[in-house]
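Visitor: I have a model open here and would like to talk it through. Could you take my questions as they come?

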Amino acid sequence: MKKLFITSLAVVAGFNLAANAVVFTGTAIGSWNDRDKESNRSQSSIANSDVNGFATVSWGDPAYCGDKPSYLKFDGAGSDNPAVPPLWSSVNNPFLLGTLQYYNGVQWANTGLDG
């Protein structure tokens, strides 16, 4: 049975109702789990340090000197500085949950994730 490569996103939210207005406040925190390796030789790592950092999953063995493994990195909005008030938004206005980065490096075959 294959394991799924899952991204978890926790949002701590509060809603404030007043005179036909809804205000959303919250913090987003990401984490990675259940990676599906291509083989027992797969090179991968998970760092779930989104609070004051990034939630990162990386995989592969770089094929070129100076290159780095492929990765997905999530930085949740409001997760880096607890002294800063959480993000907020009102009805019909977009808001930022965080930023997601992807790096696609050139890797040797069978040295990473399948899913």
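Visitor: To begin, how many bridges join strand 5 to strand 7?
Guide: Six bridges join them, and the two strands run antiparallel. Strands here are DSSP runs of E with at least two residues, helices are runs of H or I with at least four residues, and both are numbered from the N terminus. Two strands count as paired if DSSP finds at least two bridges between them.

Visitor: What kind of model is it, and how are residues numbered?
Guide: It is a predicted model, in which local features need pLDDT of at least 70 and side-chain atom pairs count only at pLDDT 80 or more, while totals for chains, interfaces and linings use all residues. Residues are numbered from 1 along each chain as its sequence is written, and side-chain values use heavy atoms, with hydrogens and water left out.

Visitor: What is the secondary structure of the protein chain?
Guide: The protein chain has seven strands and zero helices, so the pattern along the sequence reads β-β-β-β-β-β-β.

Visitor: Which strands form the open sheet, and in what order?
Guide: Four strands form it, in the order 3-4-5-7, with antiparallel pairing. Strand 3 and strand 7 (98-103) are the edge strands, each pairing on one side only. From one strand to the next the twist averages 5°, the axes being lines fitted to C-alpha atoms and the angles running from 0 to 180 degrees between N-to-C directions.

Visitor: Is strand 4 buried or exposed?
Guide: Five of the five residues of strand 4 (residues 55-59) are buried, so the strand is largely enclosed by the rest of the structure. Buried means under 20% relative accessible area, exposed over 50%, and partly exposed in between, with a 1.4 Å probe and protein chains only.

Visitor: Which way do the residues of strand 4 point?
Guide: A55, V57 and W59 point one way, T56 and S58 the other, and all are buried. In a regular strand, side chains alternate between the two faces of the sheet.

Visitor: What are the partners of A55 on either side?
Guide: A55 is the bridge partner of N48 and stands opposite F74 in strand 5. Five bridges join strand 3 (residues 44-48) to strand 4, and five join strand 4 to strand 5 (residues 70-76), antiparallel in each case.

Visitor: What lies between strand 3 and strand 4?
Guide: The two strands form a hairpin with six residues between them, and N52 in the turn has a positive phi of about 60°.

Visitor: What does D75 contact, then?
Guide: Leaving aside neighbours within four places in sequence, D75 is in contact (heavy atoms within 4.5 Å) with D50, G53, F54, D80, G98 and T99. T99 is also the bridge partner of D75 in strand 7.

Visitor: Where is D80?
Guide: D80 is in the loop between strand 5 and strand 6 (87-90). D80 is partly exposed, with a relative accessible area of 33%. Not counting residues up to four places away in sequence, D80 touches D50, N52, G53 and D75.
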